[in-house]
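Trainee: I've got a model open on my screen and I'd like to learn how to read it. Could you walk me through some features one at a time?

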Amino acid sequence: MKKILRYGLISAVALTGAGCKLPFNQLPDFVQGSVTTTQYDGVTNDLLTGGLGASGLANPAAPAFNDPINPTAEELRTLAIYNNYRALVDTVPGGGYGEFFGPQVDRSGEGLISGEETLAFMTVEGSDVPVTVMVQIPDSFDPKNACMVTAPSSGSRGIYGAIGTAGEWGLKKGCAVVYTDKGSGTGSHNLATNSAQRIDGTLTQTEEPVQFRADLDDTARGDFDTAWPDRFAYKHAHSKVNPEADWGRHVLQSIEFGFYVLNEKFGQETGNGRTVIKIKPKKTLVIASSVSNGGGASVRAAELDENGLIDGVAVSEPNVNPQVDTSFTIRQGNGPALAEHSRSLLDYTTALAVYQGCANIAPEVRDVAPLNSVFNNFTVAENICNSLANKGLVTGATTDDRASDALRILEEEVGIQPEQNLLAPVHFGLAVAQSISVTYANAYGQAGVEDRLCGVSLAATGAGGAVTPITSTQEAALFSASNGIPPSAGVNLVYDNAEGQPTNLAVSASPSTSQQDYGLDALLCLRNLALGTDVVADAPLTGDAAAWSERIADGIDAIRASGNLRGKPTVFVTGRSDAILPINHTSRPYFGLNQRVEGSDSNLRYYEILNAHHLDVLNGFPGIADRYVPLHHYYFEALDLVWANLTDKQDLPPSQVVRTVPRGDITNPLSVANLTPIAANPDAGDRILFSNDQVQIPD
């Protein structure tokens, strides 16, 4: 391993598009500070697996630090790659790892990949919050056949958050891969100690470049810590910017930085301290890609790509919030036409946060949903149902009736697919909707940690849910273990207004109910802010609540997608059973909006995969493995299709429903018989169409 520290002069000139004629390569002016490049030999360490190899990534035992309190940067990197890879890919034997996907597939040995990795901070205009950007150039990169793949992180993950998805595919293809944490990432700030993470994940309390520190001077921070001790601020939630509004710009800047790094490596020196550009955008195949939030970021980049940097788009389960267009409806089979599609992420997620805890024990779900009783406390669930009933938000004489009504509300009033019902209980137990509701309400409203929106803060908690200082070993590992959106890696959601004392939200008693109901008062507060209405009083918000709601609404408007992909060949793959990003508010309406905006010029194809969902990692559990196939396989197929279209002019298959075959018991290894391919000429009954002002989806 060889490390080089490069200090680039800040230039006012950056690569700006496919037709640029700049004679020299210059560091883009959005790059802040030093640029660090490390060479990995592909033997002792590598780009894709952190030196662990395919077998090391599959090993349930995570790599350990020699000194758990003071891990090295390389140890943090290796563990970050391990955790991020395994968070998105099912590595359990029999689930497809090592046969259909994985570092070792189509490669010899353990699949280690040698090459250079370059890291830097960048900013976008109007913000000084650091955004991490990274470029990986495998030694197999061919300047004469240059290609680049974008890999913005999924979720709120750090810079390695797409290593096992877009990273794996691109590196194995010999492409440069450009990553960004999208202004979210794992940047955390311990307000008690002033400790924060450098770009490499190591901790510092000194004033130097870090991933994130809250916008509080020492006096304000001290006062806050006195009032609310041992709290954390997180970059996605508390940076006082709305990072999602700039996700597309982050991706475009990562591409520009990628060209800078490539030309630093392959450009021709002129002898006067400058480098002639050899890797040019117009001669480089660029695919915008990634999954979930990263997929949404790449879609937004394609929409904003005025200079033609991006040639094609291939994304999986993208988090897109399409502009609301009521001129078309969505219909699945012979079901009712859905007119109220395109709800915002915060709208449907706060609905899940409020109602799903009760819906978990509906007779239709309680004993059918896999791992429901493992991940959820049914006594708390019953309390949630009772609290909702007492507030007039569900009806029914019995708990079963109330739980069924909560389920009905999610399906009929919010537009959640029935296919999500088997997975939603696990997601609620993992606090997915709860964490998204807290983080995104703060982000959209550009709130600071000191605002404690809806009385929720972030801290480690101990026995009974009480706030406690985080342990040194937990904090040292946050860069590698956190997904950037608590609860994660020992930092939890804390309801400061809980009855008795500030308490872990999951075990909080609401002041209005005096019972342990998952801090329902806090979740209802977030729901109110999302809707602009007091849902209990059925009245408009007033005062501070109204002001925050207006700020949040403005933030949501800023992240809406236009549907204009500029004619780029694009593939979406999404699982019908997605229980995090409901397809009636994401991929389906985006497909319809794109048809409205681009019409016959559209090159978007939408493939809806049956028996597939959002978090493939859950497929490693009995009961879930029985029912679902890896969407990850179809994501790689989407990339292959876009690649073939761009390089060999192969037509993209028509939009369609793909009818996969579950493997049954987890002991049955996944085979090609389970993974129905995307058809070049699908049957008429499988085609997804936009006709007569309607997105038509076969059952």
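Trainee: Let's start with Tyr160: is it buried or exposed?

Mentor: The general idea is a cut-off on relative accessible area: buried means under 20%, exposed over 50%, and partly exposed in between, with a 1.4 Å probe and protein chains only. Tyr160 has a relative accessible area of 4%, so it is buried. Before we go on, this is a predicted model, where local features need pLDDT of at least 70 and side-chain atom pairs count only at pLDDT 80 or more, while totals for chains, interfaces and linings use all residues. Residues are numbered from 1 along each chain as its sequence is written, and side-chain values use heavy atoms, with hydrogens and water left out.

Trainee: Where does Tyr160 lie, and which residues is it in contact with?

Mentor: Look in the loop between E5 and H3. Those labels are DSSP runs numbered from the N terminus: helices are H or I with at least four residues, strands are E with at least two. Contact means heavy atoms within 4.5 Å. Leaving aside neighbours within four places in sequence, Tyr160 is in contact with Arg77, Ala80, Ile81, Asn84, Glu117, Met134 and Phe479.

Trainee: Now the cysteines. How many disulfides are there?

Mentor: The rule is simple: a disulfide is a pair of cysteine sulfur atoms within 2.5 Å. By that rule there are three disulfides. Counting bonded cysteines along the chain, the pattern is 1-2, 3-4, 5-6.

Trainee: What is there to say about Cys147 and Cys175?

Mentor: Their disulfide has an S to S distance of 2.1 Å. The torsion about the S-S bond is about -105°, so the link is left-handed. This pair links distant parts of the chain, 28 residues apart: Cys147 sits in strand E5 (residues 147-152), and Cys175 in the loop between helix H3 (163-172) and strand E6 (176-180). Cys147 counts as buried at 2% relative accessibility, and Cys175 is buried too, at 0%.

Trainee: And which hand does the link between Cys358 and Cys385 have?

Mentor: Right-handed, because the torsion about that S-S bond is about 105°. Cys358 lies in helix H8 and Cys385 in helix H10 (residues 378-390), so the pair ties together parts that are 27 residues apart in sequence. The sulfur atoms are 2.0 Å apart, and both cysteines are buried.

Trainee: That leaves Cys454 and Cys525. Where do they sit?

Mentor: The disulfide joining Cys454 to Cys525 has an S to S distance of 2.0 Å, and it is left-handed, with -75° about the S-S bond. Cys454 is in the loop between H13 and strand E16 (456-459), Cys525 is in helix H16, and the two are 71 residues apart. Cys454 counts as buried at 11% relative accessibility, whereas Cys525, at 25%, counts as partly exposed.

Trainee: How do I read a helix such as H17?

Mentor: Start with its span: the expected value is 1.5 Å times one less than the number of residues. H17 (residues 543-559) has 17 residues and reaches 25 Å from its first C-alpha to its last, close to the expected 24 Å. Then pick out its buried residues: Ala546, Trp548, Ser549, Ile552, Gly555, Ile556 and Ile559. They pack against helix H7 (293-304), helix H8 (345-359), helix H13 (432-444) and helix H16 (520-531).

Trainee: What about sheets?

Mentor: Strands of a sheet pair through backbone hydrogen bonds, either parallel or antiparallel. Here, two strands pair if DSSP finds at least two bridges between them. For a close-up, take E7 (residues 188-190) and E10 (residues 231-234), which pair in the antiparallel sense over three bridges. Ser188 stands opposite Tyr234 in E10.

Trainee: Zooming out, how many helices and strands does the protein chain have?

Mentor: It has 19 helices and 25 strands. Buried residues make up 62% of the 699 residues.
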